[in-house]
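Please find below a colleague's note, written for a reader who is new to structures of this kind.

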Amino acid sequence: MAVHRRRVVVTGMAMVTPLGGNLEETWAAAVAGRSGVGYITRFDASTLPTRIAAEVKNFSLADYVAEASRYEECGLNTKLALAAASMALDHSGLDMDREDPYRVGVYLGAGEGHQDFETFMRLLRRAYRDGLIDVPVFNAGAVAELSARNELEQSPNMAAAHVAGFVGAYGPNSNCLTACAASNQAIGEAVELLRMGYADVMLSGGAHSMIHPLGVTGFNLLTALSTRNDEPQKASRPFDLHRDGFVLGEGAGIVVLEELEHAKRRGARIYAEVLGYGLSADAFRLTDPHEDGRGAVQAMQHALRDAGLDLSAIQYINAHGTSTREGDTVETLAIKKVFGEHAYRIPVSSTKSMMGHLIAAAGVVEFIICVLVIRDGVIPPTINLETPDPECDLDYVPNQAREARVDIALSNSFGFGGQNACVIVGRYAGN
Amino acid sequence: MSEHRRVVVTGLGIVSPLGFETAGVWEALRAGRSGIARISAFDPGGLPSQIAGEVCGYDARKFVSPKQRKALKVMCRDTLMAIGAANIALRDAGLLDYPRLDRERAGVVFGATMMSSELEELVEAAVEAHDEHGQFSMKLWGERSIQRMPPLWMLKYLPNMPACHISILYDLQGPNNTITMEEAASPLAIGEALNIIRRGDADVMIAGGAESNIHPLRMARLCLLGDVSVRNDVPEQACRPFDREHNGVVAGEGAAALVLEAEEHALARGARIYAELAGFGAACITSADMSWRVAPAALVAAMRAALEDARANLDSIGFINPHGCASVAADRVEAAALHELFGAAASRLPVVPFKSHFGSAGTACGALELVAGLLALHNRELPPSAAFREPDPECNLRVVHGGPERLERGAFLKLNFNRVGQAAALVVRSYEQG
């Protein structure tokens with residue numbers, strides 16, 4: 001659109017995922033086609049319809065930041081975000097002592113902290129009398145027994161606040177929570193803030209863990225989760241005929257996005273350029289995507305137009321690919337509608353087959369995968385794709401990573417409720 | 001900053017403790033009426049603060065077609081109020097039945113937060129999850145409790161539901177986002193919508209916020225966080241921003257929506273224009289103790305950025321539409337920021353703190369106050385605070401009180417921030433063509 005638009009590049013990346021505690025570990029596992037799914041250990045899920053998830057293993061914030069005890073009462077999402085932010089900052093080489101802190105901002109798509117579920121349940125039970133809730137009893141109990149700090153840390157603004165505090169970023173600070181599209185949308189909006197000139201550097205991305213009792217319960221009630229409890233590592237199988245729902249994952253990813261001239265001035269290493277961002281709403285139904293993929297099509301088309309690219313320029317798509325029956329079919333349809341015959345020539349893979357669905361954090365982790373595909377010339381596979389679904393007939397890079405030079409990649413994220421965000425990232429080509 | 005499209009406000013919608021139609025709300029504001037009272041939706045006994053700006057007598061069914069009523073069952077209070085505010089705003093803008101609206105170029109950005117489950121929907125599940133010794137058991141939860149919950153339970157409470165439902169009800173297929181930044185959420189959402197139109201990704205955006213604190217768990221949480229007013233005996237006098245006797249936040253609830261529109265789009269269809277949304281700025285200095293003692297510099301930075309974005313001079317500002325939440329600490333921080341930004345003029349500039357009328361509706365507070373401010377700008381009159389008597393000398397701000405005042409200049413500055421130091425500001429000015 002705009003004639004003299006500021007360009008935005010990626011100068012730092014980090015992630016903490018079910019596949020590894022940092023960028024390279026996660027990437028190596030993804031290229032190797034490993035699954036991060038196992039039995040839920042965070043709480044006793046043994047009687048729930050779904051007992052499996054992709055958890056981050058052996059996570060301790062102290063392994064990532066000094067003074068981790070300062071963040072002891074934070075939610076897991078915030079701790080994961082801090083770990084990723086610390087590594088991303090190092091990766092970028094950004095020296096905050098030499099930056100104007102008001103020109104460095106944070107825009108995350110981070111989720112909520114964990115509720116003190118047992119206490120909440122106990123308070124409710126105690127207030128229940130003769131089929132009714134004695135509300136004053138509940139009120140008094142809640143004020144007496146819930147922890148103020150824990151209640152505060154549950155708010156979905158806290159990860160962005162703590163990351164800004166940790167980094168010393170005084171610039172624009174925001175957090176969006178559009179379900180599974182959140183961190184892709186956060187990246188897109190952070191890019192727009194940089195383009196408009198509100199900041200020169202933005203830390204963006206997201207963090208989320210819904211592997212908590214009400215998270216698993218809520219998704220189980222919606223029958224959205226896989227119940228393949230006997231074969232956890234086979235449960236997330238995007239585009240496979242026998243897929244039966246998604247697998248919850250958790251984790252965080254942070255990228256350092258920077259205005260090009262600013263990055264050049266400080267001699268930063270540039271990993272990629274963000275070329276386009278497109279968003280849309282299905283405006284259809286709460287639980288299902290529009291059956292024609294209307295919103296997904298629009299978001300991909302908007303991203304292509306924003307990037308000023310012909311559709312044939314796209315050489316890799318990191319699919320939303322959640323492993324739900326309808327979602328994968330509709331995404332396939334939408335890709336075909338946008339790309340026509342070219343759709344069959346684009347490798348499309350879903351890394352959710354390995355790390356599960358990181359919900360709000362999914363977008364950023366998949367965006368980073370796209371940058372690494374461009375960097376290393378290898379495309380991670382869609383694992384567990386054993387029986388092709390006739391309705392899903394694209395090249396999903398089944399089960400084995402593939403070497404391929406990729407200069408431009410598209411990352412799709414489609415959220416529950418119908419928000420769609422697509423980001424196009426490309427090899428940085430100088431001027 | 002590059003030249004971009006101008007954005008105007010063409011519709012206002014509000015669901016507030018002072019009513020649901022802008023005309024009635026404006027009269028109540030002018031009269032300095034407070035919508036704060038003892039909580040009536042549930043028995044607030046056992047809570048230190050038992051008062052709030054509560055929305056009473058609201059019926060969301062009036063704002064949807066008979067065909068759409070089924071959807072109301074999966075909406076909680078925050079969302080029910082949001083769809084009403086959006087409906088009122090769209091009707092006000094003349095867009096409710098506007099056949100030429102390009103729905104792919106119309107979207108929604110709302111401020112909202114995690115919504116608390118109605119206790120009735122969880123209580124039986126909670127009881128079932130305890131064994132005969134009264135011990136909670138996750139095993140029992142999985143075996144018995146889960147069957148006691150409604151299938152769509154989770155969807156009712158996700159923060160993106162206000163924006164999603166609005167998009168579904170009005171088939172708005174453009175950009176859709178939900179900003180979860182507590183009290184800073186609404187101006188961040190409205191600022192983002194402004195930039196979405198400026199950059200050409202949409203022509204029309206519904207932007208605002210929705211939140212209800214009228215819920216036992218939400219009220220308990222607010223009380224736990226501290227700095228709440230316990231003036232339970234005189235609710236309508238409880239919320240006194242910048243007053244010598246300010247003594248804490250009063251809870252609230254509500255929703256408000258603005259229809260933002262690209263200038264040329266509004267002119268082409270002959271829309272009534274309330275004002276121009278001219279500038280947005282945001283900043284954050286994370287506070288160490290998270291208790292409203294935030295750094296004034298964050299607020300100054302957000303306001304300065306918004307003024308620069310609007311290319312507005314300080315002397316063009318006719319009044320301040322502050323956060324003004326009546327926490328002693330927050331009011332003093334905000335006053336310090338205004339003094340730093342405006343210098344000597346700060347103590348003469350009219351300040352209109354609408355929380356004295358509405359209470360603090362969390363993520364919605366900024367949108368409610370912005371709509372009130374737009375009505376003031378439109379009517380060229382500043383409504384008096386509902387409870388102000390004498391200034392806190394440490395704030396030294398000129399709060400409009402006693403009766404309405406004439407507005408002398410055609411622009412105002414809106415500021416909101418939260419207790420952890422996240423801040424956002426907007427500049428609004430009377431629309432002038434050319």
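This is a predicted model: local features need pLDDT of at least 70, side-chain atom pairs count only at pLDDT 80 or more; totals for chains, interfaces and linings use all residues.

1. Residues are numbered from 1 along each chain as its sequence is written, and chains are lettered from A and ligands numbered from 1 in the order in which they are written.

2. Chain A has 13 helices and 16 strands, these being DSSP runs numbered from the N terminus (helices are H or I, at least four residues; strands are E, at least two). Its C-alpha atoms fill a box of roughly 70 × 55 × 40 Å along the principal axes. Of the 431 residues of chain A, 65% count as buried, which means that 20 or more other C-beta atoms, placed from the backbone, lie within 10 Å of the residue's own.

3. In helix H4 (residues 135-145) of chain A, the buried residues are Phe138(A), Asn139(A), Gly141(A) and Ala142(A). They pack against helix H3 (117-127) and strand E6 (132-133) of chain A, and also against helix H3 (119-128) and H8 of chain B.

4. The contact between the chains takes 73 residues from chain A and 79 residues from chain B, where two residues are in contact if their C-beta atoms, placed from the backbone, lie within 7 Å. On the side of chain B that touches chain A, the largest share, seven residues, comes from helix H8 (residues 216-225) of chain B.

5. Chain B is divided into domain 1 (7-115 + 158-429) and domain 2 (119-154), with bounds from an automatic or database domain assignment. The C-alpha centres of these two domains of chain B lie 37 Å apart.

Notes:
A residue is buried if 20 or more other C-beta atoms lie within 10 Å of its own, exposed if 12 or fewer, and partly exposed in between; C-beta atoms are placed from the backbone.
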